[in-house]
Amino acid sequence: MIVYLLKRLLEMIPTLLGITLISFFIIHLAPGKPTDILTELNPKITPEARERLEKLYNLDKPVIVQYGLWLKRIVKLDFGESFSTDRRAVMQKIWDKKQSLLDRRLFITLMINLITFAIILIIAIPIGVSSATHQNSLYDKLMTTTVFIGFAMPSFWFALLLMMFFGVYLGWLPISGLKSLNYDVLPLLGKIWDRASHLILPVFISAFGGLAADSRFMRSSMLEVIRQDYVTVARAKGLPEKKVIYKHALRNALLPLITLIGLSVPGLIGGSVILESVFGIPGMGQLFFMSVMTRDYPMVMCILTIGGMLTLLGNLLADIGYMLADPRIRAKQ
Amino acid sequence: MKGHSLRNVFWRRFRKNRLAAAGGVVVVLMFFVAVFASFISSYNPDDIDRKHILESPSLKHPLGTDDLGRDVLSRMILGSRISLSVGFVSVGIATFIGIFLGAISGYYGGWVDSIIMRFIDIMLTIPTFFLILAVIAFIDPNIWSSSAIPYWIRESLRVILIDPNIMNIMIVIGLTSWMGVARLVRAEVLSLKEREFVLAARALGTGDMNIIFRHIMINSMAPVFVSAVLGIAGAVLVESALSFLGIGVQPPAPSWGNILTLGKDNIEIAWWLSVFPGLAILITVLSYNLVGEGLRDALDPRLWDVEI
C-alpha cells in the first residue's frame, strides 16, 4: 500500500511540471510583455524604469530561463507579488493569514466545493440506487428527465432564477456575498445562520449539476451490478432484498463512482469562477476572474497552478478511496 | 416490409426514441432560425428605442425590451446564430485536433503515444474553465478585425458572425475541448489497427496516413460523431457562460449569454431579460444532448433488439 502510494506520488511529478509549464507559457506566449499593464497605464514611466521593471521580473532573459527561475520560486510557494494596486504577495491574497480562516479565499472555495461534494454523495447515491431498483417506473422516468434537464441547465441562469425567486420575490435568502453587513454585531447563533443562509443558494446550484451526473452514473452502475451472478446468489440463499441491494450490490456499484468523483474535481473548481462571480462570493474563483480581467499575471499563473494541483490531489484521494474500497486492488499490490 | 439494411435499422431505432426525435426537430428548427435570422425577426436587433426601455412582454414585443429599448426576441434570434456558430466551429476544431492526435497516438504507440497521452492528462488536470478564461484574456481581442486579415475574410466573418472577434472564442473553446475526442479515437484505432482489413491495406503497400485516415477512421466515425453532437451542447453552454461573465461575445453583438447579463443587472425589475435567454440555452443544450444520446443508442449494435 505504501509502495503504491509512493509510486503514485512519483507519477504526479511530471504532471505537476506540465501544469506549471502550461500555466507559464499561456501567459508568456501571449503578445506583449506581462509588465505592459504596469508600464502602459503610467504615462510618466521612463525607459529606464521600464527596463528595471523588466529586469525585476526577469523578462530580459530567454523564456526557458524565466520558466526555470519561476519554477525555483514556486517550489517554495512564492508566486511573487500581485500587479494589482495593493501589490500584496500572491499567496497572501489567496491565503491571508491575518484574516480568520473562514474569510480566506482558498478556504472559501474549498469549503463550498467540499460541502457540495458531501451533498452530492448523500443525495445522488440513494437516487441512483432507487432508480435502478425501480427501473422504468414513473419515479425512474421522472428522475431521468430531471437528470437531462440538470445536464443542460446553465448554472448561472439557474442561479439567476433562484436569486429572483428566493432573494427578490420571497426575500428569504440573501443573494450575494458571504455574510451580511451587520455580521460583526450578530450573536453567535446569528453569525452561524448568517453564513449558512448565504451559502444555501450557491451550494444548491453547484450541487445540482453534479447531482444529475452522479445519480445517472450510479443508476447505470447499479443496473450492471444487480445483473451479476453474485447478486442472484445472494437472493437465492434467501437474503432480504434490502440486504442484497445495500450490502452486496451497492458496495460494488460504488467503485466506479469513486473514479467519477475524482474526475469531476476540475469541473467544480472551474465552475467556482462562475458561481462566485454570480453570487459575489470572495473566493479563489472570483479572484481569478478579477485577475484575468486586470491581466494580473502572477496571480493568474498562481491560481492556474493551484487549480491543477487541487485536481491532482482529488485524483490521488479518489485512487486511495478506490484502493480502500476494493479488496481486489489491495491484494494486487 | 422495409429491408434490414444498417441505415434502415438505424433510422427506425432513432425515430422510435421519441425524446431524441423531438430533440432532432428542435435542432433542425433552431438551425433554420439561425440561418434566416434577419428574415424572421420583426425588428432590427440593434434599433435603440429610448421611449420603450425595459418594457415587459406585450403583443408588440413578445419577449419585452431591454435597457436600451431593443426588442429582446429579435436579439435572441440573432443571438441563436452566434451561439450555434460558436458551438459548431469550436466543436469542428476540437474534433479535428482530437482525431489527428488520437489517431497518431493510437496507431504509432510507443513514445509518441506516451507524450500525447501525458499531454492530455495535463490538459485535463487544469480546470477547463480556468484555462479558457486565461487564454481569452491574454490574446488580442481585436485580432480578427485588424488589417492583417484579408478584407474578404473580415467582411464575410462580419456578415455571418456579426462580430468577427467571436472567432477568438471559437478557437479557444476548440483548443481546450479536444481531449475527449482524442482519447475516444485512440481507443478506436487501437482496437482496429490489428484487424485483417488494415493488415491487407498494409500488405498492399498503403502509406500510414492513408491507412489511418481512409481505412481506420472511416470505420470509427460513429462514436466521434456522437461526441461531436454532445460537444456542441457543451460549447453552447461554455459560450453563454463566457458571454454572461462579459468576456465572450461583446455587445452590441447579441448572444444569449450577454442578454442574461442585462437580466442580472436588472434582476429586480425585468424578469423577462433573465428568463427567456436562459430558456433558449436550456432548450438548445437539452435538444443536442437528447439527439446525441439517441444517436449513441441507435448506433450501438449491442442495444439492437431482435424485434426491430
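**Close-up views of a predicted model**

**Figure 1. Helices α4(B) and α5(B) lie oblique to each other.** Oblique angles are those left over when angles under 35 degrees count as roughly parallel, over 145 as roughly antiparallel and 65 to 115 as roughly perpendicular. Helix α4 (residues 72–108) of chain B packs against helix α5 (residues 110–125) of chain B at an angle of about 140°, and the axes are 7 Å apart. From α4(B), the contact uses L101(B), I104(B), S105(B) and Y108(B), and from α5(B) it uses G110(B), V112(B), D113(B), I116(B) and M117(B). By class, the residues of this contact of α4(B) with α5(B) are 6 nonpolar, 2 polar and 1 charged. Asp, Glu, Lys and Arg count as charged, Ala, Val, Leu, Ile, Met, Phe, Trp, Tyr, Cys and Pro as nonpolar, and the others, Gly among them, as polar.

The model is predicted: local features need pLDDT of at least 70 and side-chain atom pairs pLDDT 80 or more, while totals for chains, interfaces and linings use all residues. Residues are numbered from 1 along each chain as its sequence is written, and chains are lettered from A and ligands numbered from 1 in the order in which they are written.

**Figure 2. Helices α8(A) and α9(A) pass each other in a right-handed crossing.** The axes of helix α8 (residues 155–169) of chain A and helix α9 (residues 188–225) of chain A cross at roughly 140° and come within 10 Å. On α8(A) the contact is formed by S155(A), F158(A), A159(A), L162(A), M163(A) and F166(A), and on α9(A) by L201(A), I205(A), F208(A) and G209(A). The contact of α8(A) with α9(A) has 8 nonpolar, 2 polar and no charged residues.

**Figure 3. Chain B touches chain A.** The contact (C-beta atoms, placed from the backbone, within 7 Å) takes 37 residues from chain B and 41 residues from chain A. Helices of chain B that each supply at least two residues to this side include α12 (221–245), α13 (256–265) and α14 (271–299). The largest share, 9 residues, comes from α14(B). The side of chain B that touches chain A has 25 nonpolar, 7 polar and 5 charged residues.

**Figure 4. Helix α7(B) is hardly covered.** Among the 11 residues of helix α7 (residues 151–161) of chain B, the count of buried residues (20 or more other C-beta atoms within 10 Å of the residue's own) is 1. Just after α7(B), I162(B) takes a positive phi of about 70°.

Key
Buried ≥ 20, exposed ≤ 12 C-beta atoms within 10 Å, placed from the backbone. Helix = DSSP H or I, 4+ residues; strand = E, 2+ residues; numbered from the N terminus. Axes fitted to C-alpha atoms, helices over the stretch in contact; angles between N-to-C directions. Contact = placed C-beta atoms within 7 Å. Left-handed = near helix turned anticlockwise from the far one by under 90°.
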